Structures are given as C-alpha cells and as structure tokens.
Amino acid sequence: MPDGLPSNGRIAAAFDLLGDLLELEGAVRHRVLAYRRGAARVRAAGESVARMALEGRATSLPDIGPTLQAKVVELAETGTMAALDKARARVPEGLVAVARLEGIGPKRAMALHTHLGVRGTADLRAAVDTGRLADVPGMGRRTAEALAAQLAGLGPDGVSADQRVSLGVALPLAESLVRDLREEPGVLRAEVAGSLRRGRETVHDVDVVVAAEDPAAVFAALERSLLVERVLSGGEARRAVMTHRGVRVEVAVAPPARFGNLLQHATGSAAHNVRLREMAVRRGWSVSEHGITREDGALDVHADEDGVYAALGLRTPPPELREDRGELAQAAGDVPWPDLLRVEDLRGEVHVHTTWSDGTASVARMAEAAAARGYAYLGIADHSQNLAMAGGLSADRVRRQWEEIEAVNAAMEGRIRVLRCTEMDILADGRLDWDDDLLAGFDVVTASLHSALGRPGPEVTARLLEAVASPHVDIIGHPTGRMLERRGHAAVDIARVAEAAAATGTLLEINSQPRRLDLDSDMARIALEAGACLVVSSDAHNPDALELVRFGVIVARRAGARAADVANTGPWEALVCPGAPRRAAP
DNA sequence: GCCGTTTTCGGCCCGACTGTTTTCAGTCG
C-alpha cells in the first residue's frame, strides 16, 4: 500500500464520527445506521479501502454505496471530508462523549446543549455541580445523581476508561455462575450468551440465559450467589447484577419452550440480529426473543437455536461468526460453515517458558503437564539474551538447556517429544538476538518484539518484515505486542506482514495469554485472507497455564480459522518455516 | 445512505426497562 493514503481505521473513525454527529442532529435513523455499517465494513476490510475507492472498487463492499465511496475518495485526495467538517461546525464534537454516558443518548445530549449550552463533559460537570440540570425537561433528581457519579469517575480529559474486561477473566466467571444456576431446581438449561459466547476478546458485561418456568426463583438464586455483590436493575424477565470482580452480569429467563429464541436473541450481535430481522420482515414475519410471528399472526417458538434459524430457512451460524459480516447470506446458501478450530485439534505447542528464564516450572514438569494434555510435542521457548529482565539465556546457557532437554526426552520414553525452541527478541534496530550458527541448532524459532513498541508504524513493520525474511525464523510471536488494559497494538501494518509471511511460509502466532490475545481476531482474519497460516500458543509460564490455549482457540475461531489454518494441529515438523507459501490466499 | 425472490423508490428490528411522566419518550441491548 502506498504511503499517505488514509488507513482503514482512519476512514472508519471518520464515518463513525459523522454518524454520531448526524444522530445528535436528529437525522433519519437509517442514514446514521448506514454510516455505522459503512464504518464497520471498512474497519474489517483486508485491503486498503482508500485504494479501492480511488479505483472505483469500494462499492463492491457491502454497505458501501456511491456516497460513501465518494467520501473516501475525498478523504484520500484532500485529507478532509467536507460533510464531516460541516457537521462539526453545526454540532460540538464534545457532545458525542456526553451522549455515550449511561442513561444519556443523542436526544438528551442535544437537550443539554440547547438548554444549558453544554458542549462537552466538562460543561456537563459544571451544570451538575451547580444544580442547573433541573432546568432541562425530563431530567430529574435520579438522572442528576447518576450523572454526578459517572462524571466523578471520569478523568480530567472527561474520557472514561472503557470498562471492558478480558475474555480470560469474564469467561471463567460466567461459567462458574452458569454452573451454580444449573444446580438450581427448576432450571432446565443455563448458557453463556452475548459477546462472550461470540468470543469477543474483551466484553463490557456478561450475558447469561436460563430456561425455567419461574424467573423469580432463578433471580433469587442469582442474588444468593457468592459471586454477586449487588443488584443493579431488573424487571419480570431479566436481572442485572454487579459481581465482586466488578463485572456486570445480566441474566434473562424464558420458559423452556422458547429458550432457543431467547438464546438466539441474547447472543446477537446487535448487527446480526438487525440483519436477521430485516430478512424476516421481507417475508412479512417478525423476529424477537419471544418467537417468530408469521404473517397470519401465529407465534412460532423453539426450544433450541437450530429451530429458530431453520424456521427462517437458515443454517445456524457458529456464534463466533455472528457479526454481520456476510454470515447470514452464507446461512441461506449451501456453502458449509468452516470447520472451526477446536482445542482438541491441537497436537502440541512450541511457546512455553521454564525456570531457565521467567517460567516457574522445570522443563520436566512442563513436559509432564503437556503429555497429560495429550500433546505429541512441547517446544521449550525461553527468552533470549537481550531480555535480561526476564532472565534471557546466554548462548552458553542455551546449549546447556539443550542437554537438559535431551535428558528429559530420554526420561519421557517417547510419551512426548520435547523440542529445542526459543522466543528470540527482535532487537530495536531490527537485528535478531541470536546469530545464524546458534539459530541453526533450534528445532523451531519464534521471534518476538519486546522493546521499542512505540516506534512509528513503518519502523515497527520493517522490523517484523526483516524477521519474516530470515530463513531461521519460523514464527512471529505476539505480533503487535499489545497488552489489554495497558497498551494498544504497536502500529504494525498487519496486512503487509501477513502478505510477507504468506510468501515465506512464516507462521503468525495467536498468543493465548488473556492480557495479550495477540493477534486479535480481526488481524488473524486479515492474516488468513492474505494466505498466511497461524499457530496458537499458550505462552505458559507454569503447567496450569497450558489451559490458556482455550482463549487463543476462541480468537482463532472468530477469525474463521480451521484446523488446517493452524500449524500446531499437525506434527511439529509442520511448524518449520518452508521458505515458500503453505497455501494460497482464499 | 443502502438496497432489491415485493421494490431503481420506499422501505429499512424489536422489546424491556427507567425515570419522569400522568400516558410515554428515551435509552439500552
């Protein structure tokens, strides 16, 4: 991609902002939706949408029509979007943040603006403090209290830390709660739903659905749970609670006969459900959590999700794919769903640590734990000399570790093959931390960025491309270096790295550590579209942490990865970089 | 603004819940 063109992220942000501003102005709802859909489509695109638009091809993307394409062209050629600039002149941009506050939406944000002259969260705070909120129609005491509490939690810039929690925290919590609810008499089924069931890497709350005739009994059980701190809200059919861990949980109950309708509804995503209901409306039907209403008014209810989709003439999409990215069109046709990766498909791993660097268990204990999981191989990949902070090995210690690995292999008597691996630093200047002689002695080499992650995009990308080009490097570890809740992705041009990796057969890692989940599912999808293959690693630093691969598998599934796309579903030799493409881009 | 097994124009998802209302608009998922 030539430099200077606006990135997909930049274009998507412009469309999102334009949609937000138009919504504040009270524009027709569907016009707003059109910009939001366009933004999501651009963000998920695997190639440069600016380039596509300049060549007149962007309208081949769903949800991108002539108007949006023209705006992309304008942004690419002039660096600005006139419609956006005009909207900004009409509506203060700070109102977007106001409208995002809980309980406030576009209408109320605009009312705050017209009645009190509020232009952002700072103005709103002043209005709350001086009690002027009561001057706005529809704003009472409760609203003022809720706003005061929220604004107190905002930073000086008025931007709230996004209260999202990692899949690695939320899923075990949700599963624990679901297990408890299943113990309850009268509960026939209880399942995790929502974004967690779709495998999002972070979620803002946990959704649970329950099949039972008596919702009140279920809610009583929920409120007795030791996990629950307090009740937030609730009516007849649903209840929201806050857990001690600070995660919001919403539980909905339906009679068993229409549990499938509720599970489908609660799993979403919102965009998937909107698209599904649009399809139903075209037949004169209506879909809700209560059932499918046919044109004659008959209500169709289903105990399981397959029944709901089948009634609409669709095959049930895997939950991880329900993001309105074309899955409903596929559900209506004959093209089978991809056979998405499962934890059982993994035959081994090549990125775990031991006490040789910053792990807490010996080579032997890690090997035993891996054998107990049924792995055929385990690659010991301790840190290289540059990462002194994490006990990176010297070349001397590497050779001594190899002797220990051989001893463990002998002791394991063929129950598992322990491999000589390394997680080698890619240095700040792009060089590799080991020389070619030593590199030739490893079975599988993972190269990772651990420093200078904040450098400009072209620089970080160039370092990764250099590592991909090395004949000794088999895998790029946690390619973007992100840490959830600490730092974002390095400014890696993942499409370029994936293209290069596809050409050389270098693998890209999905690191399963809950704080990393890197590649994320969007980037992993881009990697697969470029023809690259993946490897899923636990990056375990102790035996129990081998379990963490389940999270990496979920990320891979969201990316649409099949077992064939993930190299460690095969023998360990399949992880060695062939220096040539493993498969063509789809 | 996008889109088509009703349509190139006229449609475009659905219900629960809250707070502030005395009958419902706005927000949320």
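A residue counts here as buried under 20% relative accessible area, exposed over 50%, and partly exposed in between, with a 1.4 Å probe and protein chains only. By that rule R562 is partly exposed, with a relative accessible area of 35%.

The model is predicted: local features need pLDDT of at least 70, side-chain atom pairs count only at pLDDT 80 or more, and totals for chains, interfaces and linings use all residues. Residues are numbered from 1 along each chain as its sequence is written, chains are lettered from A and ligands numbered from 1 in the order in which they are written, and side-chain values use heavy atoms, leaving out hydrogens and water.

Let's start with the overall picture. Of the 586 residues in chain A, 53% are buried. The C-alpha atoms fill a box of roughly 75 × 65 × 55 Å along the principal axes.

Now to the charges. A search of the whole structure finds 41 salt bridges, each a side-chain nitrogen of Lys or Arg within 4 Å of a carboxyl oxygen of Asp or Glu. Three of them are shown here:

| Salt bridge | N to O distance |
|---|---|
| E93 and R88 | 2.9 Å |
| R275 and D324 | 2.9 Å |
| R562 and D565 | 2.7 Å |

D565, the partner of R562, is buried because its relative accessibility is 4%.

In the R275 and D324 pair, R275 is buried at 18% and D324 is buried at 11%.
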